[in-house]
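This report looks at selected local features of one structure. The sequence and the coordinates are shown first, and the description follows.

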Amino acid sequence: MTTASGKALIIPLMLAASVSIGGCREEISHEYEFKALPVKASVSDSAGYRVASGHSIFRLPGHFVWGASVTEADDGLYYMIFSASETGIYPFNEAWVLGSKMGLAVSERPDGGFRHLGFFMNRDGFAPDTSSWDAQTVSNPHVRRFGGKYYLYYAGACDPCPDGSCVSGTLSRRDRVQQCQMIGVISFTSFPDLLKGEFEHHETPLLPPRTRVKPDNVVCPSPAGTVPGPDNLITVNPSVVYRPSDGKYLLYFKGNIYDPGWRGIHGVAYADSPDGPFTALDRPVFHLEKASGKLSAEDPFVWHSDKDRCFYAIFKDFNGQFTKGEPCLAIMYSEDGLEWHLPEHSMFMKKTLVLEGGDILKVDRLERPQLLLDSDGNPQVLYAACAIDPLNERTDGGSFNVQIPIEATRIK
């Protein structure tokens, strides 16, 4: 089943339904089938939890590996920028907040075999650091190349007031740092330069939140009566795309809203340059006016198809309101990058992996989706943060990044 554009996304190996994502150019009559291919991985039991290893899995001993973004460089190699926090001190739910680092890996192939090269941001991990706005933790890597230069968008934070003086109510150090996450960007000319620390880092965040509205226990609250915007409390999960129609750069982000309980909400900001300054709009994106329940999502990856003159976005759906089913990865499309629509079949991928032997592996976490696109703008490889078993309370590992090859075939 297709929309007016005739473009279909089908991922049968992931046990997902047929997904139609077109609708932007009625004159398009081609139909494409996208298949998620099996991953080269095996599963073993380690200290009471299951972990995966193999060509399609990037793990790092002594670390919780999480989100990753991959780029093909001019030297023909594929470079992965990933976030990771150390194991053995804090459980995962605290570790990523209190000391995520940014590292670099490389492979000759886009679909796996990545080798760790080293860390280049927040190398001291959990060590308390207030020397800059992002000195304590860095995560959510998202790499784009514009005009021959690389831009790494990320979320960073530090403890704004170790004595708690800036807090209305009571917050732990973990929650103070979490509430102060903001989006930043560094730019560099080559990945070897990046690893050597030769990059341009800004003293201020690229996109700080404009409102800080929460019923209680909040850092630096906004004045009473402030209406929260999409960029409320935090700005995280950056995804940046160039809009050919007007030459603008669109930065998608997630904020936190309390109405009355927590939910993730997305917004968009625009700029004339990939490193800003960005101006956030008041309107939310990836929003459903007729949702039957509470909407909550995060981790968008947005790309533009020149062929379809259309934007597509995949993201984590917390409760199945976008996928019209179970929590997993959802997909939407847009003509202008502002008004977003659900296709008839909006589930992009279930929380399952297909192993080479054909076994289906259900996983507890599959999020932070990032794509590598081919020359036609079609998804080539999906990179996702993954954990087979529940992770939040573990101190001894269990997370990894999985590389899922996607095959595109023109069938009409």
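## Cysteines and the disulfide

A disulfide is taken here as a pair of cysteine sulfur atoms within 2.5 Å. The structure discussed is a predicted model, in which local features need pLDDT of at least 70 and side-chain atom pairs count only at pLDDT 80 or more, while totals for chains, interfaces and linings use all residues. Residues are numbered from 1 along each chain as its sequence is written, and side-chain values use heavy atoms, with hydrogens and water left out.

The structure holds one disulfide, which joins Cys161 to Cys166 with an S to S distance of 2.0 Å. This link of Cys161 and Cys166 is left-handed, with -60° about the S-S bond, and both Cys161 and Cys166 are buried (buried means under 20% relative accessible area, exposed over 50% and partly exposed in between, with a 1.4 Å probe and protein chains only).

For Cys220, the closest cysteine sulfur is that of Cys166, and at 4.4 Å it is too far for a bond; Cys220 counts as partly exposed, because its relative accessibility is 42%. The sulfur of Cys180 also has its closest cysteine sulfur in Cys166, at 6.3 Å, which is too far for a bond, whereas its relative accessibility of 12% makes Cys180 buried.

## A four-stranded sheet

Four strands form an open antiparallel sheet in the order β7-β8-β9-β10; helices (H or I, at least four residues) and strands (E, at least two) are DSSP runs numbered from the N terminus, and two strands pair if DSSP finds at least two bridges between them. Strands β7 (63-72) and β10 (115-121) stand at the edges with a single partner strand each, so one side of each is left without a neighbour in the sheet. On average, neighbouring strands of this sheet are turned by 30° against each other, direction ignored, where axes are lines fitted to C-alpha atoms, for helices over the stretch in contact, and angles run from 0 to 180 degrees between N-to-C directions.

Strand β9 (residues 101-107) is joined to β10 by five bridges and runs antiparallel to it, and Val106 stands opposite Arg115 in β10. Helix α1 (residues 92-99) packs on the sheet, where it touches β7, β8 (78-86) and β9, and its direction makes about 115° with that of β8; contact means heavy atoms within 4.5 Å.

## A buried loop threonine

Thr323 lies in the loop between β22 (310-317) and β23 (328-334), and Thr323 counts as buried because its relative accessibility is 7%. Leaving aside residues up to four places away in sequence, Thr323 touches Asp317, Cys328, Leu329, Ala330, Ser346 and Met347.
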